[in-house]
Each structure stands twice: as C-alpha cells, then as structure tokens.
Amino acid sequence: MLMEVNERRIGQQIRNFERALSSYPNKEPFSRFLTQFFKDNKQMGSSDRRMTSRLCYNFFRLGTAAAQLPVTNRVVLAEFLCETESTVVSYYQPEWTPRLGDPVSDKIDFLVSLDLINKSDLFPFQQHLSAPIDTELFLQSQLIQPDLFIRLKRGSEAKVKHILTEAGVAFENVRSQTLALRNGTNLQQLKGLSGLYEVQDLSSQKTIDLIEAKDGESWWDACAASGGKALLFLDKYPSVKLLVSDIRMSILRNLDERFDLAGIKNYRKKVIDLTRDPLTILDKELFDGIILDAPCSGSGTWGRTPEMISQFRESAIASFSVLQRQIAKNVLRHLKPGKTLLYITCSVFKEENEDVVNFICEHLGCELEEMVTLKGYEQQADTMFAARLRKK
C-alpha cells in the first residue's frame, strides 16, 4: 500500500514538473515565471511547489545533455546528478539509488559510461572558458545550487549574527562582513534585519578588493544596475563622491530604494547610454576612478539561473565582447590620467574577459595592474572576472 501511495505521489510530481516546463516560454527568468505559475495554480501545496521548482531547476542543469531522451528520462538523470536523496531516482532507476551519495564527478562518469550523456553537453561552451578556470570543477559546480551570500552593513555584524542565531538560521562566516546561508533562506520574515544586510554574491563582494579610494575623490559606477557594488563601495569608502548611472531609469529607482533603506545619501545618479559618447551628459567631467561592471553573458552566474545554459547562443559571446569594448572606450574618456578603471564581468568566457582587457591596454591607453578570475565554483558562489587598469 505504501508503494502505491508513493507511486501516485511521484506521478503527480512528474506531471506538475512537465506542466510547468511545457508552459515556460523561455523569454524571462524562470524564477519570475515560476512565481506567476504558482499564483495561477493555487491548488498546489507548498510541498508541490518546492518539488516542482526542484525538478525544473535540476532539469535545466543538464544543459543540452541527453537531449534525445524524453523529458521524464532526462529529469531522472538530473535528479541523480544533482541530489543525494531522490524518490524519483529510486522509483525510476532503483539500481542507481546506492550511488546517489557519490561525488558529483563519479556520478557524471557513471552516466557517461552508460552512454546516457556527453560530459561536454552539460556546459556546451567549454572551449570559451578563461584559461584559469578548472573546467572539471566548474562543470561539477553547475550541478550544485550556489549558496545565498549576504554582506553585513559595517558595524552591524554582531547584531545580524545574534538575530540569525536566535531564529535558528544556520550560517557560515566567510569574511568579516560576509555570511553564507542555505539558498532559499527567507530573511525578510526576521524582525530587526531590514537595512542591516545586502544580498550579494561572494565573488561580487570580492571585486571591490582590487581598488582603493581616497577621501573626497570623485568616482563613477558606470553600469550601476540596482546598486549592489555601489553600496559595497560606499560602505567601504563613505566619503567618496559617487556618480551612479544606468541606461534604465526603472533600475535606478530600485537603486534609490536600496540606498534609502541602507541610509546612503551621498551619491548622484544619471541615465546614460554607454554605447554612445556620454560627453553630452557628463560634459568634460573627469573622475578619479571608474567601476565598469560591463554588460555580459552572465555565464558565471548560470549556477543560479541554469535555464540560460540551453537558451544562450554561442554567437552572443562575440556580440558581448564588441559591446564591452565600445563601452570601455566611451567611459575611459572621462577618467583622469593615472587613475583607475576597474573592469568587471560575471562571465567565464575569455572573449569577454582577458580579450577585452588586452584591447583596453593595446588600444585605449591603459596598463594592466592586476587581473583575477574569482573562482566562485570553489565556494558555491558565482564565478566572476575583475581587472584593475590604470590610464596612462
């Protein structure tokens, strides 16, 4: 009788998964789609929602592997690779159950030995990876959900940790102002935390380590988006005069809300299209430093958004590289000689990273001081790239 109940339950989970997957239009982040999908299917309980989300995200982590197999077969493979316990695997492939706890690398090799997947299909763009990246470790990391990282407001570290401890929320101290938590941890429900922390990936926090700013200097965060790095920068250098810009006013409004919550007032903002010469907006203004978190493929963050692995087109890598070079050319016109450009991407592709830095050095009058690949795959974080350059 128990097996019959389990069979029905697993069947329902698979049907929910297939319904969500077939409804997804591949035109928006899956997390956004899933929120609406659950609103439209209020009959689904919390456990149904959790399992549907899990099965879908694990399925996306397969990339293009085993594309010839039916969807149900593929999600069984995905569960096997991504989980250490799975009733789906135990039901469909019970002989694999003892292997669920094996290292991810062993499970990949096992499925390869059965001729069920090609390793290269798990991440189909391996030939474009930056040289410092360990292909095998990066590949394995794509099958593991990254942690949730929060940056603590300077001076609030002890208070935040006390609130988390009292609430029974597990965390790990990663850096003096950085905690790692289980992905999916709901912090908004905890009283007293508002304004004391920012959700920000570990590698993203590390990018600002490459630069130093002096009191009273004028800096420009040229692609500020919702302001994560700007908040980090001003937390570290509160007396710097900062301009933040983005091409979208809606994003800058989100930035205003985050800055207001964090109590940040000392900044200016402008809407600037960096694909064009910003001279008409900035006039002859020059800065002591520029942070350029350039538009990119986002490939270093696909552990969080694995649906992108199958949506992304290889030709887009070259397009991003061209865009990044044009933007770098335009922003450098407003950097004082002898001053710093921090070039950042959340990409793992050489064409967006080292190749762009070489272009900046060879054609835009800069010299490289430091370049680093932030190997988030070693700490269940995003993988990013950062380079500090000085304008001659």
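In what order do the seven strands of the open sheet stand? I read S7-S6-S5-S8-S9-S11-S10, with mixed pairing. This is a predicted model: local features need pLDDT of at least 70, side-chain atom pairs count only at pLDDT 80 or more, and totals for chains, interfaces and linings use all residues. Residues are numbered from 1 along each chain as its sequence is written, and side-chain values use heavy atoms, without hydrogens and water.

For terms, I noted that helices (H or I, at least four residues) and strands (E, at least two) are DSSP runs numbered from the N terminus. Two strands pair if DSSP finds at least two bridges between them.

I then checked S10 against S11 (residues 384–391). They pair antiparallel over eight bridges. Glu-367 has Arg-390 in S11 as its bridge partner.

Helix H15 (residues 315–332) packs on the sheet and touches S5, S8, S9, S10 and S11 (contact means heavy atoms within 4.5 Å). Its direction makes about 150° with that of S9.

Last, I looked at S5. S5 pairs with S6 in the parallel sense over four bridges, and Trp-219 stands opposite Leu-242 in S6. Three bridges join S5 to S8, also parallel. There, Asp-221 stands opposite Ile-291.

Technical notes:
Axes are lines fitted to C-alpha atoms, for helices over the stretch in contact, and angles run from 0 to 180 degrees between N-to-C directions.
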